Structures are given as structure tokens and as C-alpha cells.
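Hi,

Here is the structure I said I'd pass on.

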Amino acid sequence: TLGRDSRMLILQYAASARFAVKSFDIQTAFLRGSRQDGRVLGMEPPEEMRAFMKLEPWECCELLKSAYGLVNAPLLWYEELRSSIIALGFLISPLDPCVFVLPRPNGTGIHGIVGIHVDDGLAAGDAFFENAIQRLEQKYPFGSKKEGSFCFTGIQLQQFGDSSIHLDQSKYVEDIPAIEIERKRRFQGEEKVNEKERQQLRGLIGSLQYAATNTRPDVSARLSFLQSRI
């Protein structure tokens, strides 16, 4: 997954170079990874596959590619995508293996930069860079492509006419579920919390932590005090 600092680096590059920041997602990514682990994996075929292939009841299938549910499916997908991106002339950033830059041939800079977060991409660059991304899309069809204003990993991004970028997580914070406490329980203010309530509090604080580390540093102190009291 794309690191927080790497995401901010891509956004800063887009703003400084005055490039439009864009996002995309790749369809059925985990099904595209090629297995290179040398293992033989058998699978119990579902009834419709068994009927279509006219399999006997004692027969099973060998899994030749990646699939949802495999422990190493994310890694297989990353390795597949990495090879394809490098083949287009990109280099892996020494700062983050999920960041790729397209260098200029004369060594004076880069054409653009793209960060990969599982099957989502965040990119910015010139026309040459855009052409390379289009060639990537020909191999791995994109499900959606957005520019200017979009949500990426729970963060709303908006780019203005001067290329500056504003980030907020208002909707993310609003969607964090409140801790459910029964009406009778609310009048037991002096009682200790039970384990279910404690787990709900941990979940809520974890959700707030994601906002605090990305767009809401102003709540970090209060959040830290809450964490120390669980």
C-alpha cells in the first residue's frame, strides 16, 4: 500500500509542477496476478464449474493463477503490476516500492509520478507520462478515472485553478459509527465499561487516528489522552 508520506509527495509534485492530479482503479486486480511460488494448489470446483467441465465427483482442479482468498494474492498482484510498469520505462522510487517515476531520457527530471495503493492509483505528469498510463490501461482496464475532485483512500481531494490541492475527511469522520449504548445503560454512568463497549471505543479511536494522522492534527492531543484512558 502507498505510504502517507508518498501520497503527500505525489500531491506536492502535482501542485508544484502544475499538473492535474488524477486517480484510477484497476478492475479485478487480484485475479490478474500470476502465481510464481512453484506450489501445486488444488481447489474444490463449485457445482456449476463441475457441471460445465463434466468433472467426476472425485476430481478437483489445479489453481494456476491468483484468486481472491489466497494469502499471497496482494503480493502476486503487486509483482505483476510492478513488472508491467517497469516495462513501460518507470523506475521504482527508493522511498517507497509503491511509487514509480518516469524519468526523462536526458536525466534532468521526471515526466511524472504514480503511486499504487493495492488496485488504486494516484498520478500526475505531462503528456508523455499520460501516454504511458494509457498503455498501462490497455493491459489492465481501469474501472474509473477521476480528476479535479475525488476521494482517495478515504480522503477527499480537490485541486483548484492555481494547482493547489485541498484535503479533507469531513465525510469520513461523519461516517464513523457512534458507540451504541442502550437507554438503560446510559443512566449507569458510574458503572465500569464492559468489554463490548471497550472494543467499540478502540474501533472509534482507531478510525479517528486515521483522520488525525492525515488531515486533522488539531485533534491529536485529545485523541492521545483518550487512547491512554482505555
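This is a predicted model: local features need pLDDT of at least 70, side-chain atom pairs count only at pLDDT 80 or more; totals for chains, interfaces and linings use all residues.

Residues are numbered from 1 along each chain as its sequence is written, and side-chain values use heavy atoms, with hydrogens and water left out.

**Pockets**

On a 1 Å grid over the protein atoms alone, a pocket is an open set of points where a 1.4 Å probe fits, with protein on both sides within 12 Å along at least five of seven lines; lining residues have an atom within 4 Å of a point. Volume here is the space filled by probe spheres set on the points, with grid points joined across faces, edges and corners.

The largest pocket comes out at about 270 Å³. It has 14 lining residues, and Ile181, Arg185, Glu191, Val193 and Glu197 sit nearest its centre. Helices α6 (183-186) and α7 (195-214) each put at least two residues into that lining, with α7 giving the most, 3 residues. (Helices are DSSP runs of H or I, at least four residues; strands are runs of E, at least two; both are numbered from the N terminus.) By class, the lining has 5 nonpolar, 2 polar and 7 charged residues. For those classes, Ala, Val, Leu, Ile, Met, Phe, Trp, Tyr, Cys and Pro are nonpolar, Asp, Glu, Lys and Arg are charged, and the others, Gly among them, are polar.

The second largest pocket holds about 210 Å³ of space. Lys22, Glu130, Ile133, Phe142 and Lys145 are the closest to its centre, out of 13 lining residues. Two or more residues each come from β1 (22-26), α4 (127-139) and β8 (142-147), and α4 has the largest share with 5.

**Salt bridges**

Side chains of opposite charge can pair when their charged atoms come close. Counting a salt bridge as a side-chain nitrogen of Lys or Arg within 4 Å of a carboxyl oxygen of Asp or Glu, I get 11 of them.

Glu197 is buried at 12% relative accessible area (buried is under 20%, exposed over 50%, partly exposed in between, with a 1.4 Å probe and protein chains only).

Lys22 and Glu130 turn up again too, joined with Glu147 into one network by salt bridges that share partners. Elsewhere, Lys171 bridges to Asp175 at 2.7 Å, N to O, and Lys171 is exposed at 57%. Arg4 and Asp5 also pair, at 3.9 Å; Arg4 is partly exposed at 42%, while Asp5 is exposed at 58%.

Asp96 is in strand β5 (residues 96-103). Its side chain makes a 2.6 Å polar contact with the side chain of Ser6, and one of its polar side-chain atoms lies 3.1 Å from the backbone nitrogen of Gly3. A polar contact is a pair of N or O atoms within 3.5 Å; within protein, one must be able to donate a hydrogen and the other to accept it, and residues adjacent in sequence count only if both atoms are side-chain atoms.

Cheers
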